[in-house]
Amino acid sequence: MPNRKVYISGDIVTEADAKISIFDSAVMLGDTVTESTRTFSHKPFKLKQHIDRLFQSLKVTRIDIGMTADALMDITLDLLEKNLGCYGANEDCWIVHNISRGLSIAGADPTVQCSPATIMIFTQPMDLRTWARFYSKGCHAVTAMSRIIPSQSLDARIKNRSRLSYTMAEMEVKLVDPEAQGVILDVNGNIAENKGANLFCVKDGSLLTPTTENCLAGISRKTTMELAEKLGIEVKECRIQPYDFYTADELFFTSTPYCIMPATKFNGLPVGDGQVGKITKQLLASWSELVGVDIVSPAEQQLKG
Ligand SMILES: Cc1ncc(COP(=O)(O)O)c(C=O)c1O
C-alpha cells in the first residue's frame with residue numbers, strides 16, 4: 001500500500017520511508033509492547049481499552065513512551081483519518097501499535113532507557129481470508145506440544161512482541177493439520193490460549209474460559225463475557241483441562257480480527273455434534289448487533305474474492 005502513511009517516533013511518513021535502526025531493542029531483544037485494534041465501518045472498536053492496556057504493558061515493562069495516553073489516542077485517530085482513503089467503504093482495517101524501548105546497547109542496564117522509545121503505528125487491511133471459512137464450518141483446534149511461557153517468567157497480561165514461542169507452537173499444530181488453530185496449554189496442562197486469541201468452551205449452557213493467570217486479558221474475551229452476561233448466559237473463569245474441551249458442547253476462539261471463531265473439532269474428535277454451536281452463533285450475532293455491522297458476511301465475501 002504505497003500511499004499508506006505510518007507514524008514513526010513523531011513523524012508521519014509513507015511506509016517506504018519508515019525505518020528503524022538494526023540496533024533497536026525491537027530487533028535485538030523483541031523488547032516491544034504492542035496492541036492491535038480493528039475498525040468496524042471505519043470506526044475503531046474499543047480503542048480506549050486497547051490504549052489503556054498498552055499503557056499497563058508499558059508500565060510493567062518500564063518502557064517510557066514519553067507521552068500520555070490521550071496524546072497517543074489523538075495521534076492514532078489522526079493517522080487513521082489520514083489513511084481512510086486507502087480503504088474501500090466496506091473495507092475495515094487494523095490499527096497496530098508497536099512500542100520498543102528504543103536503542104539497545106550491549107551490556108547496558110535495561111532500567112536505564114538509552115534513547116527515546118521507538119513508537120511505530122500503522123494501519124493495514126483487515127484480511128480475514130485465513131479464518132473466514134470457519135464461521136460456518138468451524139475450525140480444528142489442536143493442542144501444541146510447546147507450553148505457554150509461565151506468567152512467573154513473563155506475565156501473560158503483558159501484550160508483547162516476543163512471539164517465538166507462539167510461532168513455534170502454531171507450527172507444531174499446522175504440521176498436524178495445515179488448517180488447525182493452536183490450543184496452547186500451560187506447564188500444568190491447563191488450557192491457556194492461542195498465539196493470538198483467547199479460548200472458550202460451552203458446557204451445560206455455561207461459558208467457561210481460563211483465568212488470566214495463563215492468558216492475555218483479551219479485549220474480545222471481555223466483550224464476549226459482557227455479551228454473554230447480557231444474554232443471561234453464565235460465565236465462569238476457571239482452570240480448564242483438555243478433558244473439558246473434549247467433552248464440551250461448543251468451543252470457540254476470540255480475537256480482535258475475527259471476534260469469535262467457532263471450533264467444531266478438537267484433536268480430531270467432534271466438539272458436541274460437530275456443528276457450530278447455538279450459543280456461539282448467538283454471541284456472534286450479538287456482537288454484530290453491538291457494532292452495527294454483520295461481522296461474518298464481509299469476511300466470507302473476501303473468500304469469494
Ligand atoms: C497471545 C494473545 N492472546 C489473546 C489475544 C486476543 O486479544 P484481543 O481480544 O485483545 O485481540 C491476542 C491478541 O493478539 C494475543 O496476542
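Author: A pocket is an open set of grid points with protein on both sides within 12 Å along at least five of seven lines, and its lining residues have an atom within 4 Å of a point. The model considered here is predicted.

Reader: How much space lies in the second largest pocket?

Author: The second largest pocket holds about 390 Å³ of space. It is lined by 17 residues, and Gln49, Arg53, Gln56, Ala217 and Ile219 are the closest to its centre.

Reader: Which element gives the most to the lining of the second largest pocket?

Author: That element is α2, with 6 residues. Both α2 and α7 supply at least two residues each. By class, this lining has 8 charged, 5 nonpolar and 4 polar residues.

Reader: What is the volume of the largest pocket, and which residues lie nearest its centre?

Author: The volume of the largest pocket is about 940 Å³. Its lining comprises 47 residues, with Arg163, Lys195, Gly196, Ala197 and Ser255 nearest the centre. Among the elements that give two or more residues to this lining are α2 (47-61), β5 (93-100), α6 (164-176) and β13 (250-255). The largest share, 5 residues, comes from α6.

Reader: How do the residues of that lining divide by class?

Author: The lining of the largest pocket has 18 nonpolar, 17 polar and 12 charged residues.

Reader: From which domains does each lining draw at least three residues?

Author: For the largest pocket, domain 1 (5-126) and domain 2 (131-304) each provide at least three lining residues. The lining of the second largest pocket likewise draws at least three from each of domain 1 and domain 2.

How values were computed
Residues numbered from 1 in each chain as written. Predicted model: local features only at pLDDT ≥ 70, side-chain atom pairs only at ≥ 80, totals over all residues. Heavy atoms only, no water. 1 Å grid on protein atoms, 1.4 Å probe; cavity = no way out; pocket = protein on both sides within 12 Å on 5 of 7 lines; lining within 4 Å. Points joined across faces, edges and corners; volume = space filled by probe spheres on them. Helix = DSSP H or I, 4+ residues; strand = E, 2+ residues; numbered from the N terminus. Nonpolar A, V, L, I, M, F, W, Y, C, P; charged D, E, K, R; others polar. Domains from an automatic or database assignment.
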